[in-house]
Amino acid sequence: MNIPKVASKVLKLPTSITKDGLSIKPNFRFESDYYEIKLGKKLVGNATFQVHGAVDVPIKDLQRELPVDWFQGSKNPKVKPYLDLNYIEITGQKGKGLGRKAVQLLYELSRKTGGEGRIVLDSVPTAAGFYSHLGFDCPIAERIKFDNIYKVCLEFAQNMKMDARTFRGLLTKYGCPSKTNGKFNVAGIRFFNPTKENLAKLFK
């Protein structure tokens, strides 16, 4: 996540975490924030992440990216602790639910280190739908912008009686991504806010 380089204490993580046979364990021979994801003894993926303590930045720098309740203080607001996921990959295990389980473990790590389950990541377009299914959302300002474009295009498409394929082409023309379950599939910042609704999606 593109947070300004200011005071941000990186919190110490537990050595490993395991659930239902899936584990996330550090392997610092590669990088200081590199973790292996294993199913039993089999290596099935890897990830890089850190857990940041309260980040001391002006609220105006991040209020367009993160929920309001992620900030504490009013005079010199700080972003509350969160897990910053830089990269995650599950290899050769598509359709087995390991991606969801891995994110569940990251949620637990965030909780154990004071992040209360908050997670931030930078999604590629092909993964945006996956994260939406798990309860991740995009920045408020971005969502409002795309919502406005989507509404105008939808009204025009309905008046012109466009089919679904032509409608998607219209959205692409005006730089608006398509939706999956009401969420936009677009690259960029995604955050997990541990609300009751989002937790139900993550642990479905």
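Begin by selecting strand S8 (82-90), helix H1 (98-112), strand S9 (119-123) and helix H2 (125-133): each of these elements supplies at least two residues of the lining of the largest pocket. The model is a predicted one. Within that lining, S8 provides the largest share, with six residues.

Next, display the pocket itself, which has a volume of about 550 Å³. It is lined by 20 residues, and the closest to its centre are Ile88, Glu89, Ala127, Phe130 and Tyr131. Colouring the lining by residue class gives eleven nonpolar, six polar and three charged residues.

Strand S4 (residues 42-52) pairs with S8 in the antiparallel sense, over eight bridges. Here Ile88 of S8 stands opposite Ala47. S9 also pairs with S8, but in the parallel sense and over three bridges. To locate this pairing, select Asp84 and its bridge partner in S9, Val120.

Now turn to the largest nonpolar core, which has 26 residues; Ile24, Phe49, Leu83, Leu85, Leu106, Ile119 and Phe136 have the most contacts inside it. Strand S2 (22-26), strand S3 (34-39), S4, S8, H1, S9 and H2 each contribute at least two residues to this core. H1 gives the largest share of the core, seven residues.

Finally, centre the view on Leu106. Apart from neighbours within four places in sequence, Leu106 is in contact with Ile24, Phe49, Leu83, Leu85, Ile88 and Ile119. Of these, Ile88 leads back to the pocket, as one of the residues closest to its centre.

Definitions and conventions: Residues are numbered from 1 along each chain as its sequence is written. This is a predicted model: local features need pLDDT of at least 70, side-chain atom pairs count only at pLDDT 80 or more; totals for chains, interfaces and linings use all residues. Side-chain values use heavy atoms; hydrogens and water are left out. On a 1 Å grid over the protein atoms alone, a cavity is a set of points where a 1.4 Å probe fits but cannot get out, and a pocket is an open set with protein on both sides within 12 Å along at least five of seven lines; lining residues have an atom within 4 Å of a point. Grid points are joined across faces, edges and corners, and a volume is the space filled by probe spheres set on the points. Helices (H or I, at least four residues) and strands (E, at least two) are DSSP runs, numbered from the N terminus. Ala, Val, Leu, Ile, Met, Phe, Trp, Tyr, Cys and Pro count as nonpolar, Asp, Glu, Lys and Arg as charged, and the others, Gly among them, as polar. Two strands pair if DSSP finds at least two bridges between them. A nonpolar core is a set of buried Ala, Val, Leu, Ile, Met, Phe, Trp, Tyr and Cys residues joined through side-chain atoms within 4.5 Å. Buried means under 20% relative accessible area, exposed over 50%, partly exposed in between (1.4 Å probe, protein chains only). Contact means heavy atoms within 4.5 Å.
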